[in-house]
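Me: I would like to go through the labels used for this structure and ask what each one rests on. Please set the values against the cut-offs.

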Amino acid sequence: MFTSLYSPFPFHSVYSVEDHKKHVDWIKTVNPRAVVSVKVSTPTDVDMVAIGSYYAGANIIHIDGGYGGTGAAPEIAKKNIAMPVEYAIPKVHEYLVSEGVRDRITLMASGGIRTADDVAKAIALGADGCVIGTAEAVAVGCTHCGNCERGRGCQVGITTTDPELSEFIDPAWGETRIVNLFNAWSKRLRMILVEFGLESIRELRGRKDLLVRYK
Amino acid sequence: MTGQPIIDSRKALPVPKTSLVKQEAEGGCGVVGLACNVPLAGKYLLQSLVQMRNRGNGKGGGIAALGLVPEQLGVSEKILREDYILQVAYLDKSARKQVEDEHIRPFFQVDHESRVEAVADYRSIQGLEVEPPEVYRYFVRVKPEVLEDFARKNELSGHKGSELEDEFVYQNSYRLNLQYYSSLGEKKAFVVSHGKNLVALKLVGYGDDVVKYYRLEDFKAHVWIGHHRYPTKGRVWHPGGAHPFVGLQEALVHNGDFANYHSIVEYLAQRHIHPLFLTDTEVSVLLFDLVSRVYKYPLEYLIEALAPTTERDFEMLPDEKKKVYRLIQTSHIHGSPDGPWFFIVARNDVEKNAWQLLGITDTSMLRPQVFALQEGPIKIGIIASERQAISAVLGRLQEDGKIPSRFGDRYWNARGGSHTDGGAFLFSVRDGENGKELEASDKFGLAITLPDQEWLNGRGPAVALNLSISLQLPRKGPPSQDAMGFYEYVRPAVRDAGFQYVGEILEELRRLALKGQESRRFVIESLSLLYDRIYDTGKKKRSSLLQMYHEALNDVFSAIPSSNYDLYYRLEWRNRSRLVHPGLESQTLVVDAFEFPIEGDESVARFVVDAYGEGWKNILLYNLRGHRFIGSGLGPRTNGLRIGCYGDVGDYVASGIDGCELTVHGAAQDQAAQILKYGKLVIHGDVGQAFMYAAKGGDVYVMGNAAGRPLINAVGRPRVVINGTCLDYLAESFMAGDPHNGGGFVVVNGLKPSFDGDFIEQTYPYPGGNLFSLASGGAIFVRDPHRKVSRDQLNGGRLADFTREDWNLIQPYLEENEKLFGILVKEDLLTVGDKVLDPSQVYRKIEPVSLQELT
């Protein structure tokens, strides 16, 4: 269904998994107490990437699926790169379980996770948690115009260091908006847990059986 | 005879039912190889493998040995020369009889057979979790009637006997592997190697575990290759997936990962070759065997088939070569591995009676590699992923008294896919007038030579030190402390005298160092100058002198006490808990790194951080053996801190430094000075891959060459002088602003030291095809009086006039460069031929072209 691309790699000091391991070793030398999170996109062999990162010493593997996107990615690429995160999460989760190392590494997922239900689904598929991008930006007023990387492109003042544009957002106001977002989410997540009789969100991890596919 | 009949004969072979999907994936590995004109014991491979453990994860390791000693195998010289050494690894011991009855006894005349020696209990080797297979070694020839039958059935009667026999052995092993080692089924046995005078062994563990488990410490061979694997898939790792893989007469180890595995598998399938172990490396050696044995390409064309010359390098080839290479590329492009890879191959060229060690690198130079050559009582060539692995081999040989020095006579990197060296080098062991000889050459057959100089051969009787030197010593020493004056004074003696005399000078220095702390400082500085600088060494090999200086420095360092009132305070692993703050502001902490772990929380790099935290501002490290990350973790604003490194520095040295001054007395390795922010870095040698990646600043001086991709993605204000040159991809995506307005630049002088101690021009000041690609800031100043750098080497940059303003910018750095390395601005840099030219006639500037915004 999917074919992996071998696309040019911008980090010219890392061309193989042992180079990656060397970088992780380096970070841990700089700060032995550092928690290392490795963010990767989701190729067809994302499970191998995950186990390679585990052996490289990563504490967290953060898989970023195809429905996410940076403001700066070209349109043609944005929605057409990598495996949707719904496929990638169980693939990585189940593989790590079969390798016997699932509880030695934390699995975070991102890529189009926009509602509390999405978070619950991601966890039910096998993630330990989610990284939220666009939803938080929208919470503070992002209108999804896609001009993030331009110096004076963000009309709402979020993705800018321009002194004038950054005046548009009041950090205190932004703080309340984000707190509201996560409060609302936590309420919804509790509702979900109550419905399934679960005591903690941790118990939801890997509970694919609780997911239903609409035909 | 064409190879087609042989290929056709393989049609009859059964095809595996396994899927074509790679079952095992890996990217990483550490590889090493050595070749010598005398047989060397396996223990010399051991240390280099141990030091490269961080490149593997213990899930696969192996070695191969070529050019063996008949007595050690229990056979005659004739049998060793003529028989195939069929080695079968039995994962299921009970399968042996059946395997022998089905695949060995009926076809082969077995001249000798034995079980390969191994330790009694695998668990006695720390870290070995999986029991290695039991290996049986059979010396065989194909029965004549079997061979006739084989020839007749496959219409191969026109072929030479040896070719037929080779092919039969190959096909027979394939059948054995298919039946007893299917990747989806029960694994019972597999053929580990089956070439002549060649053995390979592998297991689930590290490469050095193989040497220990199969008791190869004293096993001798002329050529060795070794490997650590870093596989990432599969819970149960099978030894069959470890490297090396064997074609027929060659064994191959591989660092890297292919993108076009399927393409290669299909290419091979069209020739009725089916991989069974489903890794990249297996198909590599199958390709190698196909092109070498079946197609009978000479080595140069074989290398071209695997690693095609492309882009600008192709254009630079002579027309004759272009025609042939184009044909080769057209035929073989689908069978050429794409992606990062570096191969080391041990090959028995039976026809030419040569034992070969080859290193071949991919055309984008994505994997690191280093080559070295030393000539003395023995001649040895070494290839490795890392330079410190080479030092480990030579160091061990020197300690055992087999060679005079732990330093090679020459070190170099291959420039993948290049028209200059072909990205491949070869060490060949052949019969010579007095026994075996070792020759080194590149892809095109050009020999790598060493000048005829003497090596250190015992110390000899003590020689009375020339009176004038003895008198000079007290004068140059304290209180004048003129180490540079002493160095200049003693240079002629070092050039003209013999080793004994130099030894005497060093003895005097050792004695002087014991006289007091000021004397000690003078001696350390003088010895460092002798060690770092380039000068005429007369008839004596520099590598031998370096050994003497190295020992003298170590003796002087080791004699330092742990006293609070001396200029120096020495600590080592055993008494490291005695680290306290310095007694005097100017006190230097001297650390013997030898027993410190190379990496991790207890590493010498972390110890340096602790020492800095205690207030030390001067730190000197010696006896480094590949210790990694030195200079990392010091934190911001380390101005005033000075670190000196003696020995074999590991990777990532000076990465992330912000203010301190770090000096490497010798070469640095890969990933040096990553994200360096501010400070001074001096390297008295070469640097490896990805030097100063994403650096933000720094005043950096490199005596030698940089490998691939230096200063990529660097920003801000790095100011770098590289006295040698780079492989390619210098300063790609450089973003260092306006050099005349606080921005950064790189000066490339394109020089190298001659064996006479002069600095001479390299053939090309910059040989690659991707200079300053896609840069948006900064500039490159290249010393190019003969206008060799051309526009087709640029990619988004342009050649501009070198102005007086430019000279005023770089001159202070070149003057500092002169102070550090003795490379004289006027005589070495601005002199071309015998004339001193204006800087604008010598230097050229490459500046970025402003790029359109990507919308």
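Predicted model: local features only at pLDDT ≥ 70, side-chain atom pairs only at ≥ 80, totals over all residues.

Me: Why is V721(B) called buried?

Reply: Buried means under 20% relative accessible area. V721(B) has 1% relative accessibility, so V721(B) counts as buried. V721(B) belongs to strand β26 (residues 719-722) of chain B.

Me: Which residues is V721(B) in contact with, beyond its neighbours within four places in sequence?

Reply: Contact means heavy atoms within 4.5 Å. On that basis V721(B) touches V700(B), Y701(B), V702(B), V747(B), N749(B), Y813(B), L814(B) and N817(B). As for M365(B), 356 residues away along the chain, its C-alpha is separated from that of V721(B) by 23 Å.

Me: What makes strand β3 (residues 84-90) of chain B largely enclosed?

Reply: Seven of the seven residues of β3(B) are buried, so the strand is largely enclosed by the rest of the structure. Y84(B), L86(B), V88(B) and Y90(B) point one way, I85(B), Q87(B) and A89(B) point the other way, and all are buried.

Me: How do you know that β3(B) pairs with strand β5 (residues 134-142) of chain B?

Reply: Two strands pair if DSSP finds at least two bridges between them. There are seven bridges between β3(B) and β5(B), in the antiparallel sense, and Q87(B) has R137(B) as its bridge partner. β3(B) also pairs antiparallel with strand β6 (residues 189-193) of chain B, over four bridges. There V88(B) stands opposite V191(B).

Me: What makes β9 and β17 of chain B edge strands?

Reply: Each of them, β9 (245-246) and β17 (435-442) of chain B, pairs on one side only. They belong to an open sheet of six strands in chain B, in the order β9-β10-β11-β12-β16-β17, with antiparallel pairing. Within that sheet, eight bridges join β11 (residues 341-349) to β12 (residues 354-361) of chain B. R347(B) stands opposite Q356(B) in β12(B). Helix α10(B) lies across β9, β10 (250-256), β11 and β12 of chain B, at about 135° to β10(B).

Me: Why is α11(B) described as mostly covered?

Reply: Seven of the eight residues of α11(B) are buried. These are L299(B), E300(B), L302(B), I303(B), E304(B), A305(B) and L306(B). Their cover includes α10, α13, β11, β12 and β16 (424-432) of chain B.

Me: How do you know that the buried residues of α13(B) are on the same side?

Reply: The buried residues are K322(B), Y325(B), I328(B), Q329(B) and H332(B). They cover an arc of only 135° around the axis, which puts them on the same side of α13(B). On the other side D319(B), E320(B), K323(B), L327(B) and T330(B) are exposed, a label that takes over 50% relative accessible area. Among the elements covering the buried residues are α9 (261-269), α10 (280-294), α11 (299-306) and α12 (311-315) of chain B.

Me: How does the span of α13(B) compare with the one expected?

Reply: Helix α13 (residues 319-332) of chain B has 14 residues and reaches 20 Å from its first C-alpha to its last. That is close to the 20 Å expected at 1.5 Å a residue.

Me: What is the make-up of chain A, and how much of chain A counts as buried?

Reply: Chain A has seven helices and four strands, running α-β-α-β-α-α-β-α-β-α-α from the N terminus. Of its 215 residues, 42% count as buried. Chain A exposes about 12,200 Å², of which carbon and sulfur atoms supply 57%.

Terms used. Residues numbered from 1 in each chain as written. Chains lettered and ligands numbered in written order. Heavy atoms only, no water. Helix = DSSP H or I, 4+ residues; strand = E, 2+ residues; numbered from the N terminus. Expected span 1.5 Å × (residues − 1). Buried < 20%, exposed > 50% of the residue type's maximum accessible area, 1.4 Å probe, protein only. Arc of directions from axis to C-beta. Axes fitted to C-alpha atoms, helices over the stretch in contact; angles between N-to-C directions. Areas by Shrake-Rupley, 256 points an atom, 1.4 Å probe, with all protein chains shown as cover.
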